[in-house]
Amino acid sequence: MTRLKVTTPSDREIAMTRVFDAPRELVFAAHTKPDLVKRWLLGPPGWSLPVCEIDLRVGGKYRWVWRNDSDGTTMGMGGVYREIVAPERLVATERFDEAWYPGEALNTLILVETNGRTTLTQTMRYESKDARDAVMKSGMEKGVEASYDRLAQLLAATPAAR
Amino acid sequence: MYNRRLDATFAALADSTRRAILTRLAAGEASVAELARPFAMSQPAISKHLKVLERAGLIRRGREAQRRPRRLEPKRLGEATAWLERYRQLWEGNYRRLDALLQELKTKETK
């Protein structure tokens with residue numbers, strides 16, 4: 001299994017590539033059937049995807065809401081399908097309820113099958129370089145925040161050295 | 001302070017010529033003339049890109065007076081790529097679950 005690669009192919013994009021040991025019909029289904037999407041697209045540990053609505057038509061909408069099962073925090077997003085070429089290509093807009101980057105992003109999923117294995121490429125194109133950088137910085141800040149949280153926990157759990 | 005530094009780093013990384021310069025420097029230090037050669041660009045144009053990379057702390061100048069070779073400063077680049085690594089880990093978690101789901105679907109299909 002190849003490792004997931006994350007790259008920034010242009011100043012407005014973030015792209016991910018990974019190989020799956022399955023035909024692309026199944027990979028496509030796992031991205032477009034709500035009962036399947038709910039099984040894997042969960043994000044960090046402790047989160048679930050209780051709302052997963054998909055109207056798989058060009059111009060049809062999708063809406064997903066994640067929930068942190070320990071504190072009840074939710075995070076919602078949705079968009080509109082722009083292009084659907086099953087099982088090889090899916091293009092949809094993306095906008096989060098609580099905007100953490102300006103404007104809308106355009107997500108393109110491309111599935112290429114070779115000998116029963118599927119190479120997935122998912123590209124997120126943001127409206128501007130500023131929006132893309134906002135996504136990257138927000139990730140950085142969250143990462144730094146998470147490290148501080150871990151440090152705080154560690155300090156709380158460690159008896160003061162005397 | 002940390003964020004302003006990251007702004008400069010990401011701004012510097014947003015240009016394909018500058019990324020190509022960093023890739024070249026990853027293979028070893030090089031003078032301005034050596035860096036300019038593979039690009040269809042004048043030395044002053046390359047120098048401008050080098051200044052942006054220097055200000056972002058991504059490269060530094062060597063001490064040899066004549067050549068003043070540029071070197072990669074790996075620490076700063078590491079701060080920027082740390083984000084990509086965290087993002088990668090988040091998605092790798094998703095995709096591991098997808099691997100398991102696909103195996104299950106494949107088994108069902110062949111039954």
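1. Start with one cross-strand pair. Leu90(A) stands opposite Leu109(A), a residue of β7(A). The strands β6(A) and β7(A) are joined by 6 bridges and run antiparallel. Keep in mind throughout that this is a predicted model.

2. In total, 10 bridges hold the antiparallel pair β7(A) and β8(A).

3. Now look at the turn. β7(A) and β8(A) make a hairpin, with 2 residues between the strands. One residue in that turn is Asn115(A), and its phi is positive, about 50°.

4. Arg18(A) has Leu120(A) of β8(A) as its bridge partner. Here β2(A) and β8(A) pair over 8 bridges, again in the antiparallel sense. As a reminder, strands of a sheet pair through backbone hydrogen bonds, either parallel or antiparallel.

5. Go back to β6(A) and look at its pairing with β5(A). Strand β5(A) covers residues 74–85, and β6(A) covers residues 89–96. The two run antiparallel and are joined by 6 bridges. Within this pairing, Val85(A) has Arg89(A) of β6(A) as its bridge partner.

6. What order do the strands take in the open sheet of chain A? The order is β1-β2-β8-β7-β6-β5-β4-β3, which makes 8 strands with antiparallel pairing. The edges are β1 (5–7) and β3 (47–54) of chain A. Each has a single partner strand, so one side of each lacks a neighbour in the sheet. On average, neighbouring strands of this sheet are turned by 20° against each other, direction ignored.

7. Helix α1 of chain A, residues 24–32, lies across β2, β3, β6, β7 and β8 of chain A. Against β7(A), α1(A) runs at about 155°.

8. Step back to the whole of chain A. It holds 3 helices and 8 strands. From the N terminus, the elements run β-β-α-α-β-β-β-β-β-β-α. Of the 162 residues in chain A, 18% are buried. Take the contacts of chain A with a separation of 6 or more: 37% of them are between residues 24 or more positions apart.

9. Chain B has another make-up. It holds 5 helices and 2 strands. Along the sequence, the pattern of chain B is α-α-α-α-β-β-α. Buried residues account for 23% of the 111 residues in chain B. In chain B, 51% of the contacts with a separation of 6 or more link residues 24 or more positions apart.

10. How many residues of chain A are in contact with chain B? There are 24, and they meet 22 residues of chain B. On the chain A side, the elements that give two or more residues are β2, α1, α2 (34–40) and α3 (129–157). The most comes from α3(A), with 7 residues. By type, the chain A side divides into 15 nonpolar, 3 polar and 6 charged residues.

11. One helix of chain B deserves a careful look. Helix α4(B) spans residues 43–55 and has 13 residues. From its first C-alpha to its last, α4(B) reaches 18 Å. That is close to the 18 Å expected at 1.5 Å a residue. After α4(B) comes Gly57(B), with a positive phi near 75°.

Conventions
Residues numbered from 1 in each chain as written. Chains lettered and ligands numbered in written order. Predicted model: local features only at pLDDT ≥ 70, side-chain atom pairs only at ≥ 80, totals over all residues. Pairing = 2+ DSSP bridges. Helix = DSSP H or I, 4+ residues; strand = E, 2+ residues; numbered from the N terminus. Axes fitted to C-alpha atoms, helices over the stretch in contact; angles between N-to-C directions. Contact = placed C-beta atoms within 7 Å. Nonpolar A, V, L, I, M, F, W, Y, C, P; charged D, E, K, R; others polar. Expected span 1.5 Å × (residues − 1). Buried ≥ 20, exposed ≤ 12 C-beta atoms within 10 Å, placed from the backbone.
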